[in-house]
Amino acid sequence: MMMRKTGDHEGPMGTIAISGSASGIGAATRAMLEADGHTVIGIDLRDAEVIADLCTDEGRRSAVADVAQRCGGALDGFVSGAGLGPPAPAASITEVNYFGSQNLLEGLRPALAAASGASVVQIGSNSTTITPNVPDALVEAILDEDRRAITAVLDDIGEPFDSAIAYGASKIAITRWCRRQAVTDEWVGQDIRLNVIAPGAVQTPLLERGDDDPVYGPLTTQLPVPTGRGTPDDIATWITFMLTPAARFACGSVVFVDGGSDALIRTDDWPSTFST
Ligand code: NAD
């Protein structure tokens, strides 16, 4: 079933799963989709249809099974948004932001393939381009699922900045994973579009925990955002659009919606030329 354009109530509505549906951007996305008549299967630690801790293998497995059962084996869309940011412990950030997304994307893929024209939005971050000194070795270790190497790199960095580095690295890794997968037979070949929305500073509990932290507060509050900070609705609007057939030509795209921080800080770094 093809998900109808947001605001268009004619015809069948879709069933969309959202991880991180209880708060912030996920909750705003849920509200917009429900207002348009879609059925939402929320996944979160609380206040959701599917209660699961995406920090653990067991939680991720049970979330996949529960969603597959609730959607009857065919899922029209998935928004992968559960996340943690600094000052949460670095190891939890890596587990939720990378493995909590990757395991659900992979686990729900058969249900997405069973619905025709499914669409998936991964919530990335502009931390992928504006966090300095993220070691390539950490990104590689995450993509290789090498937890021993992940721990070794993070231990080397040490507290308190391991948390910010884990955030940037986990978001680079999941974004890269999505771009690698989006163009394959398993994804676009099954008529599933996989794209990434990369928000910047959005006023949510995740960012506010950073603002309130004695170490991170001075950094997050001073981050330049040319438009001023965004709201959860500012991002939910883009996510819900990406779920519609109107966005069908987007595949493996990473769309930065960050009030200009990336354009200001990394102005000429991309697009960049390359040689063959
Ligand atoms: P939020 O804290 O309001 O929402 C995050 C949700 O994820 C919460 O409901 C939380 O309970 C859930 N979650 C966290 N750990 C979980 C776990 N172990 N198992 C299940 N659910 C868990 O934050 P938000 O800002 O709305 O974040 C949504 C997404 O947007 C995240 O992926 C975040 O990294 C990303 N993001 C946010 C910002 C920002 O400035 N707010 C910027 C860039 C990217």
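Helices here are DSSP runs of H or I with at least four residues, strands are DSSP runs of E with at least two, and both are numbered from the N terminus. Counted that way, the protein chain has eleven helices and seven strands. Before I go on, please keep in mind that this is a predicted model, in which local features need pLDDT of at least 70 and side-chain atom pairs count only at pLDDT 80 or more, while totals for chains, interfaces and linings use all residues. Residues are numbered from 1 along each chain as its sequence is written, and side-chain values use heavy atoms, with hydrogens and water left out.

Let me start with the overall form. For 276 residues, a compact globule would have a radius of gyration near 19 Å, and the protein chain agrees with that at 18 Å; the radius is taken over C-alpha atoms, and the globule rule is 2.2 Å times the number of residues to the power 0.38. Of the 276 residues, 51% are buried, where buried means under 20% relative accessible area, computed with a 1.4 Å probe and protein chains only.

Now to strand 6, residues 193-199, which is largely enclosed by the rest of the structure because seven of its seven residues are buried. In a regular strand, side chains alternate between the two faces of the sheet. In strand 6 both faces are covered, with Arg193, Asn195, Ile197 and Pro199 buried on one side and Leu194, Val196 and Ala198 buried on the other. Two strands pair if DSSP finds at least two bridges between them. Strand 5, residues 119-123, runs parallel to strand 6 and is joined to it by five bridges, and Gln122 stands opposite Val196. Strand 7, residues 254-257, is also parallel to strand 6, with four bridges, and here Pro199 stands opposite Val257.

Finally, what surrounds the ligand? There are 30 residues around it, and the closest are Ser23, Ile25, Asp44, Tyr167 and Thr204; to be counted as near, a residue needs a heavy atom within 4 Å. One nitrogen atom of the ligand is 2.8 Å from a side-chain N or O atom of Asp53, and a backbone N or O atom of Leu54 lies 2.9 Å from a ligand nitrogen. Helix 8 gives the most to the shell around the ligand, namely four residues.

Conventions: Polar contact = N/O pair within 3.5 Å; in protein donor to acceptor, adjacent residues only side chain to side chain. Buried < 20%, exposed > 50% of the residue type's maximum accessible area, 1.4 Å probe, protein only.
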